[in-house]
Amino acid sequence: MKWRLRIMMLFEFAIWGAWYVTVGTWLGQTLHFSGKEIGAIAGTTAIGAMISPLFVGLIADRLFDTRRVLALLHIVGAVLLVVAAQQRSFPLLYVALLAYSLCYMPTLALTTSLAMRHIHDPQEEFGAIRVFGSIGWIVVGLIVGAWGVEATASPLHLAAGLSLAMAVYCLTLPPTPPLARDKRFEIRHVLPLESLHLLRDRSMAVFALASFLICIPLQFYYAFTNLFLNDIGVVNAAGKMTGGQMSEILCMLLIPWFFRRLGVKYMLAVGMLAWVVRYAMFAFGGTGELMWMLWLGIILHGICFDFFFVVGQIYIDREAPSALRAATQGLITFLTYGLGMFVGSWLSGVVVDTYTRTNAQGGVAYDWHGIWLIAGACAAVVLVLFVLLFKDRKAPLIPRENRS
């Protein structure tokens, strides 16, 4: 069963990694979209993340078998990816990828819930299953990079093929019927409104605000790094970017060791500091002798992601009462992958357009130095505010209800 679930995770994240990393390069270099347009398309997944809890709570929890919902969403998603690959105008491409994101983003929660239902001890077993999602992202990134199709629509076709394969594979998974079929539906079951009162606690409120704000500069990386690397002449940029997922796996293993030495506050701070350093490396790095700076910026992804987002999930699990943990995790997911990245998509596009000029040949020239400095400055402001305002208890983290 565990290996079946690992393969499911591998497919799930390979689909996302196949197209999302390189779509900015296709839009910028081939279709000549503006920074705002590239940012808006990158932000379609954020809109999907904001809406997906409603869908998952109503459809999968109460009406249909999870595996069939997954299969249907991935079949429709495969069709929409093929449609998107044919588009050359911003409005039509945006609508196609927005519709796709509304299909795909719910599957992230659905695959997690399905895996949790079919293992005995999620706390001990889920990590070894979820890590195959990172492996899938790495493998497909290496394939796209070696294929040399980053500035084409081919990654969308690859993602469509993987989505179709995932749909078929989902039907081979064990039955996972809805658990709340006979319960009356209430809006509080899908909206994390109950967890809002936890924000009365200063540290939780500061953490929630920092989570939202740090995702704004984060979207600069997701939307524009591949375009940046290709624009300055880095060979096999998509393949090199998988170094970030490789470091993510290593950092995941090191989290317990750092927890004992740094605690929550300073692990979160180090995660945000890594974003500042990463953007500084991108601003001052380049090909040739300065390539090491680009490599460092890429490899820092493990610290950037794990030390803030994974540690943040642990912090919520320890601080929130057991009855509100799932709702609070949903609230933070809405603030980060939803609202934060949506705002970041808009702002990153505005900044890129501001630092873009038309050259003598009629093409565009990006001032990447200025773009990355703006992103780094945004991350630095969030870091300073967090360190000054967040108060962490010195004692080891234990659930609030067990504290004396």
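Helices here are DSSP runs of H or I with at least four residues, numbered from the N terminus. With that in hand, welcome to a few close-ups of a predicted model.

**View 1. Glutamine 245 and its neighbours.** Glutamine 245 sits in helix α10, which covers residues 237–284. Its relative accessible area is 10%, and because buried means under 20%, glutamine 245 counts as buried. Setting aside residues up to four places away in sequence, glutamine 245 touches Ser134, Trp137, Ile138 and His301.

**View 2. Helix α12, end to end.** Helix α12 takes in residues 301–319, 19 residues in total. At 1.5 Å a residue, α12 should span 27 Å, and its end C-alpha atoms lie 26 Å apart, which agrees. Of those 19 residues, 14 are buried, so α12 is largely enclosed by the rest of the structure.

View 3. Across the protein the mean pLDDT is 86, with 87% of the residues scoring at least 70. Confidence is highest in helix α8 (residues 154–170), at a mean of 96, and lowest in helix α4 (residues 44–60), at 75. Over residues 394–404, the pLDDT is below 50. In the model, this stretch still has 19 contacts beyond near neighbours in sequence.

Definitions and conventions
Residues numbered from 1 in each chain as written. Predicted model: local features only at pLDDT ≥ 70, side-chain atom pairs only at ≥ 80, totals over all residues. Heavy atoms only, no water. Helix = DSSP H or I, 4+ residues; strand = E, 2+ residues; numbered from the N terminus. Expected span 1.5 Å × (residues − 1). Buried < 20%, exposed > 50% of the residue type's maximum accessible area, 1.4 Å probe, protein only. pLDDT = per-residue confidence, 0-100. Contact = heavy atoms within 4.5 Å.
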